[in-house]
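Work through the exercises below with the structure open. Each task is followed by a solution in steps.

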Amino acid sequence: MSTAATTEIKPALTAIEHIKVKVDGREIEVPRLIADWSGKLTPTTMIQACELAKTDVPHYCWHPKLPVVGNCRMCLVEFGTPALGPDRKPVFNPDGTPKIAKSPRPAISCATPISPGMEIYTKTPAVKQMREGVLESLLINHPLDCPICDQAGECKLQEYSVDYGQSSSRFVETKVHKPKAVDLGPRIMLDAERCILCTRCIRFTRDIAGDDALGIVNRGSYNTIATFPGIPFDNNYTLNTVDVCPVGALTSKDFRFQMRAWFLKETKSVCTSCATGCNVLIGSREEKIFRYTPRDNDAVNASWMCDAGRLNYKWIARADRLKEVLVRGQKSTWKAALNEISDKLKNAQAGSVAIIASARQTNEELWLISKLKSKLGAISDSIPRVGEADKLLVSADKNPNTNGARITGICFTEMGINLVKISDGIASGKIKTLIVFGENIVKRAVANEKLRERETVSEVVDEHAITAELLAKLDTLIVSDILPNETTKLAHYVLPGCAPAEKRGSFTNGKGRVQKFMKAVEAPGDARAEWEFLHDLVHNVTGQNGFVTIEGLFNQMAKEIPVFMGVTWQALGDTGVTVQI
Amino acid sequence: MAQEYKLILKHADESGYTPDIECYLRHGGYNDLKKALAFQTKTLADGKTQSPQEQLRQEVMTSNLRGRGGAGFSCGLKWSFVDRKSGKPIYLICNADESEPGTFKDRQIIHKDPHQLIEGMIISCYANDVKLAYIYIRGEMPEGAKILNQALKEARAKNFLGKNILGTGYDLEIYVHRGAGAYICGEETGLIESLEGKRPYPRIKPPYFPAVLGLWMCPTIVNNVETLCNVKHIVGMGGLEFAKLGTPNNTGTRIVSLSGHVKRPGYYEIEVGKATLRELLYDKNFGGGLREGRQLKAIIPGGSSSKVLKAGEKFKLKKKDAEGKEILVETDMLDLPYDFDSLAQAGTMSGSSAIIVMDDSVDIVNALANLSEFYAHESCGQCTPCREGSLWMNKTLHRLTHGEGRAQDAEYLVKIADNIPGGRTICAFGEACSWPVQSFVAKFKDEFIAKGAADEERHSKEVTGHN
């Protein structure tokens, strides 16, 4: 394993020729080529140049990750290019500057490539007037139902109307009426009257998700987004259309009418439904999670996430969450329970302790567990979860931190290989104490674990022979988990843990991307972040005093584990760092 | 006195002339194709060689032929833009989606002399190394499609089409594709999308210039029916000779579709610019004048999307005086020579050369409402200004013609229309739907205001009456 840590891999821009253009009179050097939506290097467009010049150009249909169609006309700008004389040579002003020939027609900045010496004008009266015209056109048939629209507060139609629109409309005719509350599919509703026909949803579904499910029917002002008759809009990426929809036309059935967008606190986090580790924003209010939305990370998930991962948050608010520390079935305190456990572990014979941790735990937690493991001379492993992969984002590995478990030495490259040894050890009486984190290890009749209704099913490899009867042989069974299960029922010590949304930490995804996530909501009852009580436990058992902050913990871990060498909590930034695995 | 000059329609209306290949051959058909195929590589004075194809393209360039579809763009230039180095096949599409209201010239050629079009196409394909071509014919012309398919079959049987044409080793196939009935399919990139089986949403340019990224993202030439027929005659008589027809920069002949309030509506082929609007309307060879007792009110000179000309309007036309100096000559709208440039100087266009004549019996507001309804129905709806603006104007005009007008509607209409054209839309439909509104209201403003004001007055009386 190499210790080299790299940040996001970007094309070497230095190799690309840079050209000078002017945006509203300010000269800026921009690369001649920029990666387009598909990652292919294509001539830089005006809108990209304006973006690099930090000049806002309003747009609806343009999206950096979707093919360009140029239909909304909101990004129209004026421009000029260096004038050429009859001899095809540049013409100069008396002061020696190149004479600029202003184009008589505007251009859509999203599709027009820049050329050397080009001048882009985004603030002229004509541009202002064109933007007003487009906004007026978009609004004449719009229902203006912002008070009951889920998009309100994050709606481009609202925002641009304030920034670039007019205060009143001249329209005195009857509006076009179109279908409302159209059930497009199991997760998506369409309000065709709110739709501005930018076709982002069509392009995402066709060109990114690879499903030619959406199209336009009718003509002119009666154009309407539609599915094929009788075929529901149902792939694992449908909810991304709600994100790309600049207005309130497409809404998520899960989120609609639940919460006003402006009340939501947004927390940067990572999806834990598979080893991809899509970057997400958790939208929460008053300790309740309302939605996950994808967060841009070109090294991981671009701007997308799957529907299954997005909706995999409801269990966090389940009423039957483990909220109390239990010692032999009786409610206890963290202090009492940790002291008792510490005493037991300190006195345990070498080789009499086994640990089954979870690859859903964070790097920091697994590292702390590995400390216990080496002190106790314990055998350890974790439980693999395997499901189906797809071509876009979903990984077959349903654990978010398989690589973390490997790097910290909790499991071998082939996860689950030690489980048989552990069950044999319990059976033979050699293993007297078992510590379990976040896994229901009791062998089940059905090897499937449903993540939630209707969505991805992840399979737990169930080749071990750990049964309830076997667990009954143990002197001590210590279990930390989030939700009650058969294993927690059998535990002598139950330590209530936190969902990732309730704590901080980092995961190492399937490709070695180390990504941190932040705490969105408080854990219920006495539940505590695992790394916090693990820290106490490690301190009690090993005498090692680590760090009481997640930053310190991560940085200490990075110093000790070669794979993470040179990486710091701070360096992880919002989008993580790729390490060699 | 201006005369018809029949080049394209030379035989079409002769009695006994039939659209079958035997008749065409009897009239010298496919001789120009044979001539084109016989071109040999030529060594120029500077030692460079010029292939037969390059020579043919040069002939078209020399002829100064301008596209007959509506924009009047140089055909030779259009061909010169074709990306011939991409390694991809080059396609040629004949645009037979003749949909501009008032236009009915291509239909005459297709119905009466389909082989002339096919011969023009084969020559054009040969000149551009095209191996596969399409005729995109509008859905409302089922008879034309039938005739063309029959003609293609006949041409194939005689080896004017197919493999190894007339033993030259050149292969070409032409297919007829019928549209499904949308005006926008006449826009060349919309047509290409439609041909690819999609909604005819015109493409953005850049980057999708047909000459580079056309049909199936390959270099593509889209030419009008009449334009392609002209290519046959250019080869027949030579580009220089062809350029002598018509007037400089407005060469050849054009088939004018004359409709509306004239005694003899119909199609007339003239040398471009060799007849004035007055001659076309009043000469007994052409329109034969207005109906008895009627005065001219307006002319739509180049298909419904061109800006209207009001009777009595005067324009300053650039002309050269005896010494060759450029002077401005005040010209009555009726004295405008019917060509591309003069009408452009008058702020309108000869478009698809369809003249719609309106006499004083016409309610100009109603006339515009009719046009506007057409454009609202035909907007593809892809881009915002046209999609919303075209229906908005239509709703306003509907109100104005159904007793719900306001005096301010004239102003109101122009403001709506002003938000659509001038490069704000993906294709020229934006201009097509807004130019009539802009020009009608500008030139007949009083009638629009009067109509709205009358409604307002009536309404105010009704309200008073209730009191």
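A residue is buried if 20 or more other C-beta atoms lie within 10 Å of its own, exposed if 12 or fewer, and partly exposed in between, with C-beta atoms placed from the backbone. Helices (H or I, at least four residues) and strands (E, at least two) are DSSP runs, numbered from the N terminus. The model is predicted: local features need pLDDT of at least 70 and side-chain atom pairs pLDDT 80 or more, while totals for chains, interfaces and linings use all residues. Residues are numbered from 1 along each chain as its sequence is written, and chains are lettered from A and ligands numbered from 1 in the order in which they are written.

**Exercise 1.** Check the length of helix H14 (residues 364–378) of chain B and determine its burial.

Step 1. The expected span is 1.5 Å times one less than the number of residues. For the 15 residues of H14(B) this gives 21 Å, and the end C-alpha atoms are 21 Å apart, which agrees.

Step 2. Of the 15 residues, 11 are buried, so H14(B) is largely enclosed by the rest of the structure. Among them are Ile364(B), Leu368(B), Phe374(B) and Glu378(B).

**Exercise 2.** Compare the radius of gyration of chain B with that of a compact globule.

Step 1. The radius is taken over C-alpha atoms, and the globule rule is 2.2 Å times the number of residues to the power 0.38.

Step 2. For 467 residues the rule gives a value near 23 Å; chain B has 24 Å, which agrees.

Step 3. Along the principal axes, the C-alpha atoms of chain B fill a box of roughly 90 × 50 × 45 Å. Buried residues account for 54% of the chain.

**Exercise 3.** Describe the pairing and burial of strand S29 (residues 513–517) of chain A.

Step 1. Strands pair if DSSP finds at least two bridges between them. Strand S28 (residues 505–508) of chain A pairs antiparallel with S29(A) over 4 bridges, with Ser506(A) partnered by Lys516(A).

Step 2. The two strands form a hairpin with 4 residues between them, and Gly512(A) in the turn has a positive phi of about 85°.

Step 3. Strand S30 (residues 577–579) of chain A is joined to S29(A) by 2 bridges, also antiparallel. Here Val514(A) stands opposite Val577(A).

Step 4. Arg513(A), Gln515(A) and Phe517(A) point one way, Val514(A) and Lys516(A) the other. Since 5 of the 5 residues are buried, S29(A) is largely enclosed by the rest of the structure.
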